[in-house]
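Open the model in your viewer and keep the selection panel at hand. This tour goes stop by stop.

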Amino acid sequence: DGDVVNLEINWFADGKPALALKGSRVVTPTHTAKAQRWSVVVVPSDGQATGLAVTDSFVVRNTPPPASKIELKPKTPLAGQNVQVQITPTAKDIDGDAVSHRVKFLVNGRPAAGHDGISPTLPAAAFHRGDRIAVLVTPDDGEALGPLVRDDGAVGNSAPELRDLKSEPQSPTGDDVLKCVVVQPATDPDNDPLQLFVGWEINGKRTIGSGPEATWPAAQAKP
């Protein structure tokens, strides 16, 4: 008839009228929750007669959890040091779900032996000097997985350690031959082959030779 047609719009959430949305053509996220079933009923009217109602419905789906920020600590571990991944959520799950994290450590591109896929710690026994370490972390809300994030590190070289040595004789006189005696062998956490370099000084200033033996200068001999 060329009449102006008005639409009566009514929304229902889980079968209950959403009165705050009466007449609205849009339902904003602030009104919805995961798993709710929403329906809309629209009735046309030209002011004199009412047309047939039409309806449609939808169910609010789960939203995957947001990505988290991660950091390997330390990024350059040494032999004997465990590696941990620090996980910091960047935002709350929009559905209010509890979020856990799947953790996967890689050593030289392969899954780390013995890791359970949950623990944020990679034991030191899983890697050696020179290995490349990576961690992959995926948030999980129990229904969906969020974005995977990754951080990388590399195992550094550990310094060797010499714990005990002495020089003989303890009170040298002029022209005495000094000998460097290693009381306890040097060790290396990485099990690298070791070489010992020996240098001799008097009062921390003047070098009097290198190697396992040196001659005490007669000029330094006490009367």
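Start with Q36. Select it in the loop between β2 (16-17) and β3 (37-45). Keep in mind that this is a predicted model. Is Q36 buried or exposed? Its relative accessible area is 17%, and the cut-off for buried is under 20%, so Q36 counts as buried.

Now show what surrounds Q36. Leave out its neighbours within four places in sequence, and Q36 is in contact with A13, D14, H31, F58, V59 and V60. F12 lies 24 residues from Q36 along the chain, and their C-alpha atoms are separated by 10.0 Å.

**The open sheet**

Next, colour the strands β1 to β4. Which order do they take in the sheet? The order is β2-β1-β3-β4, in an open sheet of four strands with antiparallel pairing. β2 and β4 (54-59) are the edge strands, each pairing on one side only.

Zoom in on β1 (residues 6-13) and β3. Eight bridges join β1 and β3 in the antiparallel sense. Pick E8 and look across to β3: its bridge partner there is V43.

Stay on E8 and show its side chain. It meets the side chain of K22 in a salt bridge, at 3.8 Å from N to O. E8 sits in strand β1, whereas K22 is in the loop between β2 and β3; the two are 14 residues apart, and the pair links distant parts of the chain. E8 counts as partly exposed, at 41% relative accessibility.

**The nonpolar cores**

Move to the largest nonpolar core. Which of its 16 residues touch the most other members? Select F105, L122, F127, I133 and V135. Then show β5 (68-73), β6 (83-89), β7 (100-107) and β10 (132-140): each of these strands supplies at least two residues of this core. In soluble globular proteins, nonpolar side chains tend to be buried together.

**β10 and β11**

V135 stands opposite D151 in β11. β10 and β11 pair in the antiparallel sense, over six bridges. V149, D151 and G153 make up the covered face, while R150, D152 and A154 make up the uncovered one.

How many salt bridges does a search of the whole structure find? The search finds 10.

First stop: R102 and D140. Their side chains meet in a salt bridge, at 3.3 Å from N to O. R102 is in strand β7 and D140 in strand β10, so the pair ties together parts 38 residues apart in sequence. Compare the accessibility of the two partners. R102 counts as partly exposed at 46%, whereas D140 is buried, with a relative accessible area of 13%.

Second stop: R163 and E161. The side chains of R163 and E161 meet in a salt bridge, at 3.5 Å from N to O. R163 is exposed, at 58% relative accessible area. E161 is partly exposed, at 40%.

Last stop: select K34, D97 and E143 together. A network of salt bridges links K34, D97 and E143.

Conventions
Residues are numbered from 1 along each chain as its sequence is written. This is a predicted model: local features need pLDDT of at least 70, side-chain atom pairs count only at pLDDT 80 or more; totals for chains, interfaces and linings use all residues. Side-chain values use heavy atoms; hydrogens and water are left out. A nonpolar core is a set of buried Ala, Val, Leu, Ile, Met, Phe, Trp, Tyr and Cys residues joined through side-chain atoms within 4.5 Å. Buried means under 20% relative accessible area, exposed over 50%, partly exposed in between (1.4 Å probe, protein chains only). Contact means heavy atoms within 4.5 Å. Two strands pair if DSSP finds at least two bridges between them. A salt bridge is a side-chain nitrogen of Lys or Arg within 4 Å of a carboxyl oxygen of Asp or Glu.
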